[in-house]
Amino acid sequence: MTADVVEAAVITAVDATNFLTASSASIEAFKTANLLKGLGVNAMIFGERGTGKLTLARYILPHAPVLDANNFDELLDAIETNREVIIHRIDDVANLKRLIETILKYKTRVIATGGGRYTQEQLDDIFTIRLALPPLSERDEDVHVLIEAFVKEARVTLGKSEPFDLEDFVPDLSENAISLRRQVYLHYLIDAISENDLMGIMERFMVDKMGTSNDYRHFLHLYEVPLIRAGIKRFKSQLQLADKLGLNRNTLRKKIAEHSAYQLEIKES
């Protein structure tokens with residue numbers, strides 16, 4: 001994306017209780033949300049984790065309680081005692097039939113979020129409007145706007161002032177905005193991390209995962225993969241990297257093959 005396009009995306013961005021809109025898809029979703037604020041009908045917001053479903057639901061019903069569908073009894077009680085509710089992760093509801101019956105009985109207005117477990121036919125009785133939020137991989141303009149927002153947030157939270165270099169930055173969109181925010185924070189944290197900090201992180205990661213008879217080899221890739229990746233970036237060739245690591249080239253090739261799932265690419269020389 002060119003700088004002109006990024007600049008245009010930032011100019012057209014709207015902060016709606018943290019729902020940032022720059023792509024055509026998110027702008028249309030925001031227009032629908034504004035329509036829903038005044039209509040008083042029930043709506044279902046679909047999308048992957050981290051696409052902004054709950055944020056948009058809160059924009060539509062800013063004063064409604066947010067209820068996790070996993071807590072079914074609490075959910076039914078809230079529907080009985082509130083005029084409006086937000087049901088988060090409706091895919092996890094224990095008894096959809098009873099939920100629908102309760103909503104219809106008490107005429108409670110509902111905005112729900114979900115990933116699409118239930119069919120349109122199953123939800124037609126209570127949801128008049130269905131709103132889909134595409135993944136961030138299909139919303140390039142939103143990604144750039146979110147990176148800027150997360151950079152500002154991370155700088156304030158972590159007390160950092162360094163610029164954020166986008167030249168080699170490949171956004172992690174595996175969990176949409178969730179993984180992207182985490183990636184931006186890690187970018188700023190990593191510069192200040194000490195060896196003790198790093199070892200503490202590794203210890204916390206491994207302590208609950210240990211327990212087999214082959215744990216040493218099972219966790220060895222956590223050391224070898226980043227070491228080889230760093231060497232690839234710095235030394236550019238197998239011959240130089242093998243020399244710096246004190247390995248012969250065949251041993252290095254074997255280790256690269258063992259960790260092929262992590263896409264360790266290096267030039268032959």
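The model is predicted, so to speak of a local feature a pLDDT of at least 70 is needed, side-chain atom pairs count only at pLDDT 80 or more, and totals for chains, interfaces and linings use all residues. Residues are numbered from 1 along each chain as its sequence is written, and side-chain values use heavy atoms, with hydrogens and water left out.

**Confidence**

The protein averages a pLDDT of 86, and 91% of the residues score at least 70. Helices (H or I, at least four residues) and strands (E, at least two) are DSSP runs, numbered from the N terminus. Among these elements, strand S5 (residues 84-88) has the highest mean pLDDT, 96, while helix H1 (residues 3-11) has the lowest, 34. The pLDDT stays below 50 over residues 1-17, a stretch that has 24 contacts in the model beyond near neighbours in sequence; contact means heavy atoms within 4.5 Å. Where pLDDT is low, the predicted coordinates should not be read in detail.

**The sheet**

Next comes an open sheet of five strands, with parallel pairing and the order S4-S5-S6-S3-S7. Two strands pair if DSSP finds at least two bridges between them. Strand S4 (66-68) and strand S7 (129-133) are the edge strands, each pairing on one side only. From one strand to the next, the twist averages 20 degrees. Strand S3 (residues 43-47) is joined to S7 in the parallel sense over five bridges, and Ile45 has Leu131 in S7 as its bridge partner.

Helices lie across these strands too. H2 lies across S3, strand S6 (109-114) and S7, running at about 150 degrees to S7. Helix H4 (residues 72-81) lies across S4 and S5, at about 160 degrees to S5. Axes are lines fitted to C-alpha atoms, for helices over the stretch in contact, and angles run from 0 to 180 degrees between N-to-C directions.

**Helix against helix**

| Helix pair | Axes | Angle |
|---|---|---|
| H2 (residues 24-39) and H3 (residues 53-60) | within 9 Å | roughly 35 degrees |
| H11 (residues 221-235) and H12 (residues 238-245) | within 9 Å | roughly 125 degrees |
| H12 and H13 (residues 249-258) | 9 Å apart | about 100 degrees |

Angles under 35 degrees count as roughly parallel, over 145 as roughly antiparallel, 65 to 115 as roughly perpendicular and the rest as oblique.

In the H2 and H3 pair, Ala29, Phe30, Ala33, Asn34, Leu36 and Lys37 of H2 meet Leu56, Tyr59 and Ile60 of H3. This contact has seven nonpolar, one polar and one charged residues. Here Ala, Val, Leu, Ile, Met, Phe, Trp, Tyr, Cys and Pro count as nonpolar, Asp, Glu, Lys and Arg as charged, and the others, Gly among them, as polar.

H11 and H12 are oblique to each other. Their contact involves Leu227, Ile228, Gly231, Ile232 and Phe235 of H11 with Gln240, Leu241, Lys244 and Leu245 of H12. Those residues divide into six nonpolar, two polar and one charged.

With its angle of about 100 degrees, H12 is roughly perpendicular to H13. Gln238, Leu239, Leu241, Ala242 and Leu245 of H12 meet Arg249, Leu252, Arg253 and Ile256 of H13. By class, six of these are nonpolar, one is polar and two are charged.

How values were computed: pLDDT = per-residue confidence, 0-100.
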